[in-house]
Amino acid sequence: MKFHFKEQQYQVDAVNSVCDLFDGQPKKELIKYIFYKEIKKDGLIEKEIIYNTFANPKLLVRDEEILHNLKIVQKRNSLKPSKRFQGLNFTVEMETGTGKTYVYTRTIFELNKRYGFSKFIIMVPSVAIREGVHKSLEITQDHFKEIYNKKLRFFIYDTKRPSNLTNIKSFAESNDIWVMIMNYQAFATRAKEARKIYEELDLMNSNRPIDVIRSTRPIVIIDEPQKFGKTSEEKIKEFDPLFILRYSATHKNIFNQVYKLDAIDAFEKKLVKKISVKGIEVKNTTATTGYLYLDEIILSDKHYPKARIEFEVKQQNGVKRVFKTLKEGDNLYELSNNLTEYKNGFVIKEINGLTNEVKLINGTVLKPGVAQGEVNEELLKRIQIRETIKSHFEKEQILFKRGIKVLSLFFIDEVKKYRDYDAPQAKGEYAKIFEEEYEKLKNEMKDLFNQDYFAHLDSFSTDDIHEGYFSIDKKGRLKDAKENDEDAYELIMKNKERLLSFDTPVRFIFSHSALKEGWDNPNIFQICTLRYSRSTISKRQEIGRGLRICVDRNGYRMDKQVLGDEFFDINNLTVIANESYESFAKALQNEFFEDIDRPLTFTVENLKGLKLKNREIDEVLANRLVVTFAMNGYIDENFHLSDKVREDIEKDKLILPKDLQEYEDDIIKFVQKIDASSVLRNAIEDEKAKNVKLEKLTPNENFAKFEEFWNKIKFKTTYRIDFDSNELIEKVIERINKELEVKRVKIEIVESEQKEKIRLDENMFEAKKRVVLQSDIALNNIRYDLLGELSRSTYLKRETIAKILQGINPSKFDLFKINPEDFIIKVRDIIEEEKATIFISAINYDVSGEFESEIFTINNFKGKIDEDIIKVKKHIYDYLKFDSKIEKEFAKNLETGDIIVYAKLPGKFKIPTPAGYYNPDFAILFKKEKTIYFIAETKGSLKSMELKGKEKAKIEYARKHFSYLSDHQTDDNSKLIYKVVNSIEDLDFV
């Protein structure tokens, strides 16, 4: 596969923000710099030219002009204007996963295009980031070549590589765009290799590499500057940079900030994945040390709630942990074959589906995702690994059919826990646990998998689907990444495309914590943070590896333009944490808040100085706004925004003082800016809390209100059609003569020749001439049973098809010879459309029986809140499972309207039609002057031409079905309506 990149406005804005700083700088050629050597000749000292380099043009714009440009850029980007110029240092802040490497690479091209700058150094804090940058420059080459008609020349500064000095010479002597990628350890430490940059070398004509590089006056780009200390910052000055650009999501020091895209902006603009958290919490109860893990609570109308619990059982070969579905009153001491650890009150007292809790008589309370009792490290890891695999399967079975490969990433503390140092082929602790749990879950969940997906799973062995990306020494032994950071993770760094291929079996990646930065993959959908003994890795670093928007098998980004409302359904990162959801989410939010420079409360202090259209908010005006917000319940006692202000803004009902109503848009923007907490709350979800699983879903008390409606539509019907076949034949002939056209067969002739130079990754032939000819003769000699093909596809007799073909114009029949396949398809479609038109007017329905109310009982109801189900109040069930975003929004609106009761009709409620069985969407009961019984079919568009032919026909047949039922109702004070709608506003009574 090949990654495809496209221009995104926020990235272009970031590029322009930097390049516009130097507005007024003329475009100049590179400056030639000459190295001389003094020699004595005939008693005189002469200068001999020994080295030529090309340097970036000098900055001709003065500091005060750059400051002026900076303020213009800052105003454009809604940033606080700089009061003073902080030197030629500029800060760009971009959230992890939004493409900062792409942005500064494009900035290099744009600076070259505008001003002629051609020498750049990308400075990074680690080898991992260095390799990631190198990979990014490789895969974006073709993309930038299309935009700028140029290619970068780039290399990694590495004193261990023989080509290092040659690359430095090329960097200095060439007038092309050159980029040197360096990790600061390569020159800013006391190591012997790092000192080479300061040594006079023969290959450099006795010059020091640092002097040669300095002579080019490079532009330095610092990736993750917060990781650079004072020493390395001072060392960077030795390169005498023209200016410095700093890129990160979490800057410690801000210099002349030109652009900002923080975590909240990235989430709101759908530039990163949404985060779901599966928290695995360990609690040691005071009652005993017996191990318990609640997986889920199962609800049913046939029995009281049950709970699926893992606990220990004594067996002949020792103690083993097992899952069992338990009910109230079950005694774990007895079920465990009298294990002492469960002797003290381990009897289930209550299973509460409402609070999602299980209580024991000894006071122990179990919650999903919480492991209690005697939980050692190995057991906690097993639970986390199992939950990761489970989440992986749930995500993968959905995305497999969409051509999106799913990857899961495990962070581990030591390499040897995955692979043993002394036995390279032996599996470590984590590898063994993974394979055991994978096989178990694969067998447990196989009934949920469709055939194609299960066949894909079965095509790879469990041993092949997971891999660890660690260093291997010359003896073939796996090394701890901490011992040698230079070549760690080379495989994953350089084979990202292959990793995303469905032909590559690896889907689960085990990595040392050093992979916390510098590498990411767009298709990481699960991250499991296995416990570290001395972890200093932040939550943001952990999740940052999986925030990028995913790509499909062809390398195309699945962004909001492609997915629309489905964006967060697909782009959702699940974190399986070794702590509770509440703990993880709180820590993650705190880290976000620490790095977000925006007001979080609606206070006088934060409002003062806010720019409106033609005025500025002073203290008096700020006080009035705060009082207005408090009186209307828009803020709480701590000045945090309430849900009410969000609702009123959404409904366009925000209450403001009269003299400030003209500034409503500016005030709303400020409200949305400070509403960080709600955005982050929406960005981080509790994965366990979203799960809903019921053995049976049965109607609630609302069904009593719905019964009067059900009594009007519960009738089964059969249909009969009385039509004149001659009329159908005539109409089809008329349509064919008027409309029929077929695609003509085209012949493409390509002349090519073998390339002079052949690369293994390219075709050896190059196309030189391409000619397209149009043919009026079918290119195959296949004999077609034209009558039989059309008869089978339209369910009409052969003699009827023959009359149609005999009746059309000879010129139209000749089209069959030009393209037989297209002729058959087009004629079939015309026949089907005319059939539907005639049948709709000729169809009659008769009652043949009644549906039983049992069809409203749904077995094995499963789903996730907001992903495919919502909680409802006016519906006949407590939950509604939706098939589309349109259905979801429609149901939400029914909850707020003047509806008495409504039902999403079950799949067993089917109406027979000539185009197949039809299942309508919603039945809605509304009372005003008359009782209105409304059958609503939700569609994305009301334009009938946009509906598929068969679907359109089914709707028309259903209209006749319900019209028949309505005509036979005895209640004159009621009305039964059937209508295709897009939203609740399309209902007649709203």
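Colleague: Quick one: is Q526 buried or exposed?
Modeller: Buried, because its relative accessible area is 0%. Buried means under 20% relative accessible area, exposed over 50%, and partly exposed in between, using a 1.4 Å probe and protein chains only. This is a predicted model, in which local features need pLDDT of at least 70 and side-chain atom pairs count only at pLDDT 80 or more, while totals for chains, interfaces and linings use all residues. Residues are numbered from 1 along each chain as its sequence is written, and side-chain values use heavy atoms, with hydrogens and water left out.

Colleague: Which strand does Q526 lie in?
Modeller: Q526 lies in β24, residues 524–529. Strands here are DSSP runs of E, at least two residues, and helices are runs of H or I, at least four residues, both numbered from the N terminus.

Colleague: And what does the side chain of Q526 have a polar contact with?
Modeller: With the side chain of S408, at 2.8 Å. A polar contact is a pair of N or O atoms within 3.5 Å; within protein, one must be able to donate a hydrogen and the other to accept it, and residues adjacent in sequence count only if both atoms are side-chain atoms.

Colleague: Which residues is Q526 in contact with, neighbours within four places in sequence aside?
Modeller: T388, S391, H392, K395, V406, L407, S408, L409, L573, T574 and I576. Contact means heavy atoms within 4.5 Å.

Colleague: How many residues of β24 are buried?
Modeller: 6 of its 6 residues, so the strand is mostly covered.

Colleague: Which strands pair with β24, and in what sense?
Modeller: β19, residues 407–412, pairs with β24 in the parallel sense over 5 bridges. β24 is also joined to β25 by 4 bridges, again parallel. Two strands pair if DSSP finds at least two bridges between them.

Colleague: Which residue of β24 is the bridge partner of F411?
Modeller: T529. In β25, T529 has A577 as its bridge partner.

Colleague: What else is joined to β25?
Modeller: β10, residues 274–279, runs parallel to β25 and is joined to it by 6 bridges. G279 also has A577 as its bridge partner in β25.

Colleague: Which way do the β25 residues point?
Modeller: N572, T574 and I576 point one way, while L573, V575 and A577 point the other way. In a regular strand the side chains alternate between the two faces of the sheet.

Colleague: Switching to helix α11. What is its span?
Modeller: Its end C-alpha atoms are 33 Å apart. The expected span is 1.5 Å times one less than the number of residues. α11 is mostly covered, with 19 of its 23 residues buried.

Colleague: Where is L547?
Modeller: In the loop between α16 (539–544) and α17 (560–563). L547 counts as buried because its relative accessibility is 4%. Its contacts, neighbours within four places in sequence aside, are E95, T96, V272, K273, I275 and L573. T98 is 449 residues apart from L547 along the chain, yet their C-alpha atoms are separated by 8.4 Å.

Colleague: Now the largest nonpolar core. Which residues touch the most other members?
Modeller: F22, L111 and F243, out of 88 residues. Helix α3, residues 100–115, gives the largest share, 7 residues. Another core of 65 residues lies apart from it, including L694 and Y879. A nonpolar core is a set of buried Ala, Val, Leu, Ile, Met, Phe, Trp, Tyr and Cys residues joined through side-chain atoms within 4.5 Å.

Colleague: What does F243 contact?
Modeller: Sequence neighbours within four places aside, F22, L59, L88, F90, L111, F117, I219 and V220.

Colleague: How many disulfides?
Modeller: 0. A disulfide is a pair of cysteine sulfur atoms within 2.5 Å. C19 is buried at 0% relative accessible area, and C528 is buried at 0% too.

Colleague: Last, the chain totals. How many helices and strands?
Modeller: 34 helices and 38 strands. Buried residues make up 52% of the 990 residues.
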